[in-house]
Amino acid sequence: MQLIELNMRNFRKHTDRKVMFTEGLNVVRSENEGGKSTMYEAIAYALGGTRALSTSLEQAVTWGEDPKTLRVSLQVESAG
């Protein structure tokens, strides 16, 4: 399975973020509190649902935003 694209809307500190993955090794790099771990948690949430969250779904929403606006989508490609 290869990750193609991750979209996060009002997921923790990511109010509107799109991440494109390339073939091979992808490195995620950012300053402290830059949202790296949040991105990994969003991938887990997309694959496993709310059980993959470290907090409740209400706490995963960007501060001050309506919980109904939280969106995470993950596009993957499976070999064959």
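How many bridges pair S1 and S2, and in which sense do they pair? I looked this up before anything else, bearing in mind that the model is predicted. I find S1 and S2 paired over six bridges in the antiparallel sense.

**Entry: strands**

I took Arg9 as a reference point and found Asp16 of S2 standing opposite Arg9. I then followed the chain through the turn. S1 and S2 make up a hairpin, with two residues between them. Arg12 sits in that turn and has a positive phi of about 50 degrees.

I turned next to S3. S1 and S3 run antiparallel and are joined by seven bridges.

**Entry: helix H1**

I checked the length of helix H1, residues 36–48. Its 13 residues should span 18 Å at 1.5 Å a residue, and the end C-alpha atoms are 18 Å apart, so expectation and model agree. After the helix comes Gly49, whose phi is positive, near 80 degrees.

Which residues of H1 are buried? I list Thr38, Met39, Glu41, Ala42, Ile43 and Tyr45. I then asked what covers the buried residues of H1. The cover includes strand S1 (2–11), strand S2 (14–20), H2 and S3.

**Entry: salt bridge**

I searched for salt bridges and found that the structure holds one. The partners are Arg12 and Glu41, and their closest N and O atoms are 3.1 Å apart. Arg12 belongs to the loop between S1 and S2 and Glu41 to helix H1, so this pair ties together parts that lie 29 residues apart in sequence.

**Entry: aromatic pair**

My search for aromatic pairs returned one. Phe11 and Tyr45 form this pair, which is stacked, with 5.9 Å centre to centre and 15 degrees between the planes. Phe11 is in strand S1 and Tyr45 in helix H1, so the pair ties together parts 34 residues apart in sequence. I noted the accessibility of each partner. Phe11 counts as buried because its relative accessibility is 0%. Tyr45 counts as buried as well, at 17% relative accessibility, given that the cut-off is under 20%.

**Entry: Thr38**

I located Thr38 in helix H1. Its relative accessibility is 13%, and Thr38 therefore counts as buried. Leaving aside residues up to four places away in sequence, I find Thr38 touching Phe11, Arg12 and His14. Two of these names were already in my notes: Phe11 from the stacked pair with Tyr45, and Arg12 from the salt bridge with Glu41.

**Entry: Thr62**

Where does Thr62 lie? I placed Thr62 in the loop between helix H2 (57–60) and strand S3 (71–77). Thr62 counts as buried because its relative accessibility is 11%.

I then looked up the side chain of Thr62 and found that this side chain reaches the backbone oxygen of Arg12 at 2.6 Å. With residues up to four places away in sequence not counted, Thr62 touches Asn10, Phe11, Arg12, His14 and Thr15.

**Entry: Arg12 in review**

Arg12 has a positive phi in the hairpin turn, forms a salt bridge with Glu41 and is touched by Thr38. The backbone oxygen of Arg12 is reached by the side chain of Thr62.

Technical notes:
Residues numbered from 1 in each chain as written. Predicted model: local features only at pLDDT ≥ 70, side-chain atom pairs only at ≥ 80, totals over all residues. Heavy atoms only, no water. Helix = DSSP H or I, 4+ residues; strand = E, 2+ residues; numbered from the N terminus. Buried < 20%, exposed > 50% of the residue type's maximum accessible area, 1.4 Å probe, protein only. Polar contact = N/O pair within 3.5 Å; in protein donor to acceptor, adjacent residues only side chain to side chain. Contact = heavy atoms within 4.5 Å. Expected span 1.5 Å × (residues − 1). Salt bridge = Lys/Arg side-chain N within 4 Å of Asp/Glu carboxyl O. Pairing = 2+ DSSP bridges. Phe/Tyr/Trp six-rings, centres within 6.5 Å; stacked < 30°, edge-to-face > 60°.
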